[in-house]
Amino acid sequence: MKAIISDIHSNLEALQAVLKDIERHGVDEIYCLGDVVGYGPNPRECIDLVMKCKVVLLGNHDQGAIFDPEGFNPPAERAIFWTRAQLESSAESRHVRERRWEFLAERPRSHRENGCLYVHGSARNPLNEYVFPEDIYNQRKMERIFALVERYCFQGHTHVPGIFTENLQFHSPDEIDYVYQLDGRKTLCNVGSVGQPRDGDWRACYVLFDGQTIRYQRVEYDIETTIKKIYAIPELENFLGDRLRDGR
Ligand code: ZN
């Protein structure tokens with residue numbers, strides 16, 4: 001059994017709660033689809049925890065933190081520069097800092113295994129393309145993306161969890177009672193976001209995958225602690241904390 005997590009966004013309380021939940025489910029390996037950092041108050045701690053995952057992909061915010069941020073809105077960009085300062089801060093040994101930096105810099109953009117593709121954004125543009133639920137009405141876009149998928153594709157980036165089928169239907173986790181049975185037909189699975197869900201449910205989101213069944217997990221965490229930390233950091237705008245409460 002695998003656990004697939006994504007979009008942690010420096011939210012340590014959410015990540016710790018998810019890792020604890022994963023422990024209870026007989027998981028052999030954790031795959032992370034990127035955006036370990038950005039928006040939240042604990043980039044260093046989250047990178048250190050994620051280093052233990054078997055596969056960790058590069059997200060657009062991770063890339064922004066180590067290279068030059070491009071295409072971000074001003075609050076997101078400020079958070080990225082603050083994140084970079086945290087990674088460069090000399091409060092820790094040079095060895096520890098360099099290890100984190102190199103880890104992020106070496107992340108691959110995609111991973112293929114047993115007919116499954118793992119990306120942050122989409123099969124067509126692994127780092128930056130969003131595939132939103134409403135894209136089922138954009139037949140051209142979806143056909144092109146599906147054409148690049150052998151069987152199953154796991155992705156993140158939108159922070160909106162759900163299943164896309166090749167006949168262009170979208171199923172949110174609550175519509176399918178949090179379980180989806182794969183049947184060999186091409187399927188895209190957005191695993192949702194650990195640290196900043198945007199589907200109206202504030203709880204951290206990730207999936208369990210045994211090769212056939214996708215199981216969505218929602219995990220409560222100490223959201224007020226995260227919000228207080230965000231409020232206390234001037235470079236992180238307060239709405240980045242407020243939005244956690246609404247899952248938006
Ligand atoms: Zn993200």
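A pocket is here an open set of grid points with protein on both sides within 12 Å along at least five of seven lines. In this predicted model, the largest pocket has a volume of about 250 Å³. Its lining comprises 19 residues, of which Asn60, Gly71, Phe72, Asn128 and Tyr130 lie closest to the pocket centre. Helix H3 contributes four residues, the most of any element, to this lining. By class, ten of the residues lining the largest pocket are polar, five are nonpolar and four are charged.

One cavity of 30 Å³ or more is present in the structure. Residues His9, Asn11, Tyr39, Gly40, Pro41, Gly195, Gln196, Thr226, Ile230, Leu240 and Leu244 form its lining. At least two of the lining residues come from each of helix H7 (223–231) and helix H8 (239–246). The lining of the largest cavity includes no charged residues, with six polar and five nonpolar.

Helix H5 spans residues 94–105, twelve in number, and extends 16 Å from its first C-alpha to its last, close to the 16 Å expected at 1.5 Å a residue. Within H5, the buried residues are Arg100, Phe103 and Leu104. Viewed down the helix axis, the buried residues of H5 fall within an arc of 95°, and therefore line one face of the helix. Arg94 and His95, on the other side of H5, are exposed. The buried residues of H5 are covered by elements including helix H2 (43–50), strand S3 (55–56), helix H3 (60–66) and helix H4 (74–88).

Definitions and conventions. Residues numbered from 1 in each chain as written. Predicted model: local features only at pLDDT ≥ 70, side-chain atom pairs only at ≥ 80, totals over all residues. Heavy atoms only, no water. Expected span 1.5 Å × (residues − 1). Buried < 20%, exposed > 50% of the residue type's maximum accessible area, 1.4 Å probe, protein only. Arc of directions from axis to C-beta. Contact = heavy atoms within 4.5 Å. 1 Å grid on protein atoms, 1.4 Å probe; cavity = no way out; pocket = protein on both sides within 12 Å on 5 of 7 lines; lining within 4 Å. Points joined across faces, edges and corners; volume = space filled by probe spheres on them. Nonpolar A, V, L, I, M, F, W, Y, C, P; charged D, E, K, R; others polar.
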